[in-house]
Amino acid sequence: MASMAVQLLGFFLGLLGFTGTVVATLLPHWRSTAYMGSNIITATAYMKGLWMECVWHSTGIYQCELYRSLLALPRDLQAARALMVLSCVSSLLASLVAVMGMKCTHFAQRSVVKSPLVLSGGVGFLCAGVLCLVTVSWTTNDVVMAFYDPFLPSGMKYEIGLAVYLGYASSFLSLTSGLVLCWSSSSSSRERLQGPLHVQTIQSSSPPPPFNNPYPPAPLYKPPEALKDNRAPSLCSLSSSGYRLNNYV
């Protein structure tokens with residue numbers, strides 16, 4: 001029962017991590033305009049994401065435009081796209097595999113395949129968390145290095161957006177989910193291995209069941225009794241007309 005609760009906890013943490021990874025991938029708030037200098041009141045704010053670039057006006061108008069060419073994008077942005085897509089796919093596959101291997105589902109119940117399926121789901125969530133963590137860490141490093149570059153104009157400097165922080169949270173949730181599922185899989189394997197040994201020990205300590213024989217037991221052997229008349233006649237014995245004298249003595 002405790003192992004089932006641990007598996008449910010790990011699965012829901014993985015779902016949260018998967019949802020956060022998808023949202024962070026689609027949001028354009030990866031880089032936002034840096035407000036520098038004495039005049040911090042601006043009429044527009046620029047935001048850049050993996051798939052689009054948006055402009056927010058002070059009048060409340062919000063405009064976004066998708067990137068038209070994939071090859072015209074910088075290499076770091078192309079790599080970030082690929083890594084985040086792989087992270088989402090890994091989380092999705094890990095969720096499906098973990099559902100099939102959990103104890104609360106009816107798929108392959110009482111089978112040895114359950115524990116490897118949960119372990120595979122945990123490894124999938126670990127891979128998804130690592131991919132997302134690498135992407136957001138790479139983006140953070142690029143934004144920080146560009147911000148402190150003295151040769152870069154102030155209008156081309158950006159700050160870390162909300163999608164990056166969401167990516168950090170999602171990656172940690174996915175990593176925690178993978179660790180929990182892997183630990184629950186190992187504990188389930190130990191319980192499965194110790195169960196038959198325990199039953200065998202209990203059965204061996206109990207007395208053996210009685211043997212039901214449908215036939216009655218054979219009678220015990222008894223030697224024949226030595227009767228008085230049960231002796232062979234000897235030459236020394238007195239007899240008269242076929243009668244022995246010792247019959248009357």
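## Burial along helix α2

A residue is called buried here when its relative accessible area is under 20%, exposed when that area is over 50%, and partly exposed in between. The model described in this report is predicted. By that rule, the buried residues of α2 are L77, A80, R81, L83, M84, S87, C88, S91, A94, S95, A98 and G101.

Helix α2 runs over residues 75-101. With 27 residues, α2 spans 39 Å from its first C-alpha to its last, which is close to the 39 Å expected at 1.5 Å a residue.

## Overall fold

The protein chain contains four helices and seven strands. In sequence order these elements give the pattern α-β-β-β-β-α-α-β-α-β-β. The chain has 249 residues, and 30% of them count as buried.

## The largest nonpolar core

Ten residues form the largest nonpolar core, listed as W30, L50, L73, L77, A80, M84, C132, V136, A163 and V164. Helix α2 gives the largest share, three residues.

L77, A80 and M84 belong to this core, and these three residues are also among the buried residues of α2.

## The largest pocket

The largest pocket has a volume of about 340 Å³. Its lining consists of 16 residues, and R31, K48, P74, D76 and Y158 are the ones that lie nearest the centre of the pocket. The largest share, three residues, is from α3.

Sorted by class, the lining of the largest pocket holds nine nonpolar residues, one polar residue and six charged residues.

## The enclosed cavity

A search of the whole structure finds one cavity of 30 Å³ or more. The largest cavity has a volume of about 50 Å³. The residues lining this cavity are R31, L50, D76, L77, A80, T135, W138, T139 and D142. They divide into four nonpolar, two polar and three charged residues.

Helices α2 and α3 each supply at least two residues of the cavity lining, and α3 accounts for the largest share, four residues.

## Aromatic pairs

The count of aromatic pairs comes to two. One of them joins F147 and Y148 in an edge-to-face arrangement, with 5.3 Å from centre to centre and 85° between the planes. The edge-to-face label applies because planes over 60 degrees apart are classed that way.

Y148 has a relative accessible area of 63%, so Y148 is exposed.

## Contacts between separate parts of the chain

Some C-alpha pairs link positions that are apart in sequence. L15 is placed in helix α1, residues 2-26. L15 and L173 are 158 residues apart in sequence, and their C-alpha atoms are 8.8 Å apart in space. L15 has a relative accessible area of 29% and so is partly exposed.

E65 is found in strand β4, residues 62-66. From E65 to E53 there are 12 residues in sequence and 5.5 Å in space, C-alpha to C-alpha. The relative accessible area of E65 is 46%, so E65 is partly exposed.

V144 lies in helix α3. V144 and E159 are separated by 15 residues in sequence and by 7.6 Å in space, C-alpha to C-alpha. At 34% relative accessibility, V144 is also partly exposed.

Terms used
Residues numbered from 1 in each chain as written. Predicted model: local features only at pLDDT ≥ 70, side-chain atom pairs only at ≥ 80, totals over all residues. Heavy atoms only, no water. 1 Å grid on protein atoms, 1.4 Å probe; cavity = no way out; pocket = protein on both sides within 12 Å on 5 of 7 lines; lining within 4 Å. Points joined across faces, edges and corners; volume = space filled by probe spheres on them. Nonpolar A, V, L, I, M, F, W, Y, C, P; charged D, E, K, R; others polar. Expected span 1.5 Å × (residues − 1). Buried < 20%, exposed > 50% of the residue type's maximum accessible area, 1.4 Å probe, protein only. Phe/Tyr/Trp six-rings, centres within 6.5 Å; stacked < 30°, edge-to-face > 60°. Core = buried A, V, L, I, M, F, W, Y, C linked by side-chain atoms within 4.5 Å.
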